[in-house]
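Dear colleague,

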Amino acid sequence: MEPSSAAEAPSLRRIALSLQYEGSAFCGWQRQRQGNSVQAVLEDAICQLDPHRPVQTFAAGRTDAGVHAAGQVVHFDCCGPIPAWRWAPALNGRLPGSIRVREAVERPLSWHACYSATYRRYRYTVYNGRRPNLFLAPWSWHRYQRKLNDGLMTEALEGLLGLHDFSAFMRAGSRRAHARTTIQEVSLERQGDLVNVEIQASGFLYGMVRLLMGQLVALGEQRLTLETFERRWRERRRNEVKDAAPAQGLCLLRAGYGESIFTKGGWYDCQPRYFLASQDPPPDPPALPKTD
């Protein structure tokens, strides 16, 4: 008697990856008809190691073209004999230098990189010095015209906390049925001429962080009042939110879950912070009246 196909079929396993990538060479995370995506490159590498079935990867966040990731979380299913921990070095040997797997672990088939996540956290870096810096350019937005008003920006950020409709910060083309999401934590930290803004939310809208940062920097340079900033997003005036911050300053720091998935060293806060020994700030912005 021939053995049953069910008995011969290898068991399905779910592998979770802690993934980093330098986004400037990619059209974003998601596979596109045209352009080089992180998803396509990663899936091609996985297929070289586990050719038994079609490979499909799922990510915690869909980063846009040019956006970086320090702790993106991805999962895929496989049938081959490779132990979970071996996937990281095996994939790194087949991936370009702009993509790195920091850690790989096995998860239950019920776990999902996107749907099981409780938060995503982004960091946006603004270089607020007068002179250009070659080493900062790929990872920050250079704003040299005026020194940013940290206090105004922090006040605006704190007003975003909670569950709100953020339609004003959603790019056209989104497939979401609504624009409500919960911002859980915000922070702004200045280290000399570098300003790091971090935003953590249950989920992010299409283009949300870059549109928000465009408005926040305009506020910090006092080209915009706090009252106007708040009115635009609270009253969902998307037509008044025109300029998005450039992609290179944005990095997906990590996605979080109800339990620890990776070791802290393989996942948590893995984007280095730059430090400049000297400061060279631009002039302070002129004060704006309270109403536009």
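Arg130 counts as partly exposed, at 42% relative accessibility; here buried means under 20% relative accessible area, exposed over 50%, and partly exposed in between (1.4 Å probe, protein chains only). This is a predicted model, in which local features need pLDDT of at least 70 and side-chain atom pairs count only at pLDDT 80 or more, while totals for chains, interfaces and linings use all residues. Residues are numbered from 1 along each chain as its sequence is written, and side-chain values use heavy atoms, with hydrogens and water left out.

The structure holds 20 salt bridges, a salt bridge being a side-chain nitrogen of Lys or Arg within 4 Å of a carboxyl oxygen of Asp or Glu. In one of them, the side chain of Arg130 meets that of Asp280 (3.0 Å, N to O). This pair links distant parts of the chain, 150 residues apart: Arg130 is in the loop between β5 (119-127) and β6 (141-142), and Asp280 in the segment after β10 (250-256). Strands (E, at least two residues) and helices (H or I, at least four) are DSSP runs, numbered from the N terminus.

A second salt bridge joins the side chains of Arg273 and Glu189 (3.2 Å, N to O). Glu189 lies in strand β8 (residues 180-191) and Arg273 in the segment after β10, so the pair ties together parts that are 84 residues apart in sequence. Arg273 is partly exposed at 35% relative accessible area, and Glu189 is partly exposed at 34%. Both residues belong to a network of salt bridges that also links Arg121, Arg123, Glu185, Glu198 and Asp269.

Finally, Glu221 and Arg223 form a salt bridge through their side chains (2.8 Å, N to O); Glu221 is buried, with a relative accessible area of 4%.

Yours sincerely
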